[in-house]
Amino acid sequence: MSALTDLLFPNPLPSVEELEARYPARSLPQGAKVTRVAPSPTGYMHIGTMYTGLVCERLAHQSGGVFILRIEDTDQKRQIPGATELIASSLDSYGLKIDEGVCPDMRQKGAYGPYIQSQRKEIYQAYVKKLVEEGKAYPCFCTSEDMDALRKQQEASGARPGYHGQWTKCRYLSEEDAIRKIKEGIPYVIRFKSEGDYNRRIVIEDVLRGKRDFPENDLDIVLLKSDGLPTYHFAHVVDDHLMGTNQVIRGDEWVSSLPLHIQLFAAMGWKAPKYGHLAPIQKLDEGAKRKLSKRKDPEAGMSFYDEQGYPKQAVLEYLLNIANSNFEDWRRQNPVKPMNDFPFSLKKMGISGALMDFVKLNSVSRDTISHMTAEEVYENALAWAEKYDEELAGLMKNNRDYVLAILNIERNPSGKGRKDIQVWAQLKDELSYFFEDRFQGVPDTLNPEEAAPIARDFLKVYDPSDDKDAWFEKLKEVATQNGYAGSTKEYKEAPEKFKGNISDAATILRLLITGRSQSPDLFAIMQVLGKDRVTARLNRVLS
C-alpha cells in the first residue's frame with residue numbers, strides 16, 4: 001500500500017502521532033462542555049447561526065467549558081469574500097464571546113487552531129492517508145458523467161440512490177490499476193470504504209430528541225475532494241476530535257448524516273461527541289409552516305434586526321425564549337438580572353421548530369429598552385442612528401442634554417416605566433413633538449370650540465414651578481369649570497351632567513401640547529418642554 005499512498009500523498013505530511021501530541025486532551029472541570037459554532041462563509045449572518053451560537057455559548061460558559069468559532073470553508077466555490085469577518089463580528093457584537101477561534105479582526109486565538117478549515121489541509125490529509133493505509137479508504141476515479149449514469153441506472157432499476165454496494169465501481173480496483181490511473185493523470189477523489197449494512201439498524205442518543213434508530217450507513221462517501229480539501233463529513237470529525245469538542249449542537253438537516261458521522265469516529269478509533277439537532281426557526285407562509293429562507297425572508301439575516309433598530313440584547317432574549325420554555329417565567333421573576341444568570345438547559349428545548357413571532361419580539365424589545373437608563377438609551381440609539389439615520393443622529397448630538405431629559409421622562413430602570421419604544425427607528429417620531437420645527441400641531445379631529453376654553457383657563461393658572469400634585473389640582477379645577485367631571489365617581493354617578501370625565505379634559509390638554517392622544521406623563525413632558533413652548537402651543541388654539 002505504500003506505493004499507492006506515496007502517489008496519493010507525495011508531499012510531506014505530519015504523522016498521526018505528531019498531530020495527537022500537538023492537540024493534547026483538554027484539562028477541564030468535570031462536566032465542562034466544549035462546544036463550537038461552525039458556519040460556512042457563504043453569505044450573511046443567518047439568525048439560525050446566531051441561535052445555534054447562543055445555545056453553544058450558554059452550554060460552554062455555564063459549565064466552565066470552552067466556546068469555539070470554527071469556519072468551515074472547505075467548499076471554496078461557495079465562499080463569499082468578507083463573510084468570515086461578518087460572522088465573527090456578529091457574534092462579538094451580540095456579546096457571544098468566543099474562547100477560541102476566529103476574531104472580528106481575523107486574528108485567531110487558542111491553542112487548537114488553525115480554526116479555519118482550509119488552513120488545516122495537511123491535517124486532514126494525514127488522517128486520510130492513515131485510513132488508506134488501513135484499507136478503510138480508496139481513490140475513486142469516477143467522473144461526473146459516470147455518476148450521472150450511475151444515478152440513471154439506479155432510477156431505472158428502482159435501486160436506492162448513492163455510491164454503495166454493487167455500485168461502488170472503484171472500490172474493487174486493484175492497487176496496480178489505481179496506481180496506473182494516478183500516473184496517467186486521471187483526476188480522483190478519496191472515498192471512505194464503509195462496512196455498514198443498510199438493512200441493519202443502530203440506536204443513537206440525540207441529546208435533544210432522545211434515542212433514535214437509523215439504518216447503518218453503507219455509502220462510500222467522499223473524504224477528500226479532487227482539490228485535496230475534505231468534505232464536511234470528514235473535516236468536522238477530525239476537528240471535533242482534535243479540538244476536544246464533546247457537545248455538538250447543529251441544525252436538524254444533519255440528522256440523517258448521524259449514522260455516517262458516528263461510523264467515521266469509530267473508523268478513526270475515536271470517541272464521538274454527544275450530538276443534538278436543533279429544529280429550524282420557521283414562519284407561516286400562506287397558512288403553512290416553512291423554514292426561514294435566505295432568499296425569500298429578510299428576517300432570516302441578522303442585518304435585518306440591526307437595520308430595524310432592535311437592541312441586540314432584545315434579540316438574544318427573544319432567542320432564549322425560543323430555546324428554553326421557562327425563560328419567560330424566569331425573566332418575569334428576575335426583571336433586572338443579567339440574561340446570563342438564567343440556568344439554560346437542553347431539557348427545556350423543544351424539538352419542533354418555533355415560529356418567528358414579531359409580536360413577542362417587539363414585546364421583549366420594549367421590555368429591554370424600558371430597563372435602560374436614559375444614558376443607555378441615548379448611546380444605543382445614537383450608535384444606531386449614526387449608521388442608519390443621519391438626521392436623527394444630528395438631532396441627538398446637537399441637543400444632547402435636551403434629548404436626555406426627554407428620554408428620562410417616566411424612565412425607571414426597574415422596568416416599571418415607559419414602554420413606548422420598541423426599536424431605535426421609532427425614536428425620531430418619539431422626539432419630534434419636543435421640537436418646534438418638527439411639531440405637527442393639533443390634529444384636525446380636535447374641536448377648537450372645545451379646546452379653546454381648556455387652553456384659556458389653564459393658561460390663567462399655569463405655573464411651571466408647581467409640583468405634580470398642585471398641577472393636577474389645577475387641571476381638575478379647569479376641567480370642572482368647563483363642564484367636565486371633577487372626579488371619576490361623579491362622572492359614574494351622573495355622566496349626563498358632564499361633557500366628559502376629567503381624563504377627557506386631560507386628553508384635550510395633551511393634544512394641544514403634544515399633538516397626540518397618548519404619550520408619556522403629561523406633567524413631565526410639560527416640565528421638559530418648558531414654559532415658553534407650553535404657553536406658545538396653548539395660545540395657538542386661542543389665536
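Me: What is the relative accessible area of N246, and is this residue buried, exposed or partly exposed?
Reply: Keep in mind from the start that this is a predicted model. The general idea is a pair of cut-offs, with buried meaning under 20% relative accessible area, exposed meaning over 50%, and partly exposed lying in between. N246 has a relative accessible area of 30%, and it is therefore partly exposed.

Me: With which residues is N246 in contact, once its neighbours within four places in sequence are left aside?
Reply: The contacts of N246, with those neighbours set aside, are A32, K33, V34, P273 and K274. Take A32 as a case where sequence and space can be read side by side: A32 and N246 are 214 residues apart along the chain, while their C-alpha atoms are separated by 8.9 Å.

Me: How far apart are the C-alpha atoms of V423 and K489?
Reply: They are separated by 39 Å, and these two residues are 66 residues apart along the chain. V423 itself lies in the loop between α16 (400-407) and α17 (427-432), and because its relative accessible area is 9%, V423 counts as buried. Leaving aside neighbours within four places in sequence, V423 touches Q308, G309, Y310 and I369.

Me: Is L91 buried or exposed?
Reply: L91, which is part of helix α4 (residues 83-93), has a relative accessibility of 1% and so counts as buried. Beyond its neighbours within four places in sequence, L91 is in contact with V37, M45, M50, L69 and L96. Of these, M45 is 46 residues away from L91 in sequence, and the C-alpha atoms of the two are 9.1 Å apart in space.

Me: Which residues touch the most other members of the largest nonpolar core?
Reply: That core has 104 residues, and Y127, Y305 and L319 are the ones that touch the most other members. Helix α3 (residues 47-62) gives the most to this core, with eight residues. If you follow L319, and again leave aside neighbours within four places in sequence, you find I47, M50, Y51, L54 and I281 in contact with it. Apart from this core lies another one, of 55 residues, which includes L382, A393, F458 and L509.

Me: How are two packed helices described?
Reply: The description rests on the angle between their axes and the distance between the axes. For helix α11 (residues 312-323) and helix α13 (residues 358-370), the axes come within 9 Å and cross at roughly 130°, and α11 and α13 are therefore oblique to each other. The crossing in which α11 passes α13 is right-handed. On the side of α11 the contact is made by Q313, A314, V315, E317, Y318 and N321, and on the side of α13 by K360, L361, V364, S365 and T368. Sorted by class, this contact of α11 with α13 has five nonpolar, four polar and two charged residues.

Me: How are α21 and α23 placed to each other, roughly parallel or roughly perpendicular?
Reply: The axes of helix α21 (residues 502-514) and helix α23 (residues 531-542) come within 8 Å and cross at roughly 110°. Angles of 65 to 115 degrees count as roughly perpendicular, and so this is how α21 and α23 are placed to each other. L509, L512, I513 and T514 of α21 meet V534, R537, L538 and V541 of α23, a contact that by class has six nonpolar, one polar and one charged residues.

Note on methods
Residues are numbered from 1 along each chain as its sequence is written. This is a predicted model: local features need pLDDT of at least 70, side-chain atom pairs count only at pLDDT 80 or more; totals for chains, interfaces and linings use all residues. Side-chain values use heavy atoms; hydrogens and water are left out. A nonpolar core is a set of buried Ala, Val, Leu, Ile, Met, Phe, Trp, Tyr and Cys residues joined through side-chain atoms within 4.5 Å. Buried means under 20% relative accessible area, exposed over 50%, partly exposed in between (1.4 Å probe, protein chains only). Helices (H or I, at least four residues) and strands (E, at least two) are DSSP runs, numbered from the N terminus. Contact means heavy atoms within 4.5 Å. Axes are lines fitted to C-alpha atoms, for helices over the stretch in contact, and angles run from 0 to 180 degrees between N-to-C directions. Angles under 35 degrees count as roughly parallel, over 145 as roughly antiparallel, 65 to 115 as roughly perpendicular and the rest as oblique. A crossing is left-handed if the near helix is turned anticlockwise from the far one by less than a right angle, and right-handed if clockwise. Ala, Val, Leu, Ile, Met, Phe, Trp, Tyr, Cys and Pro count as nonpolar, Asp, Glu, Lys and Arg as charged, and the others, Gly among them, as polar.
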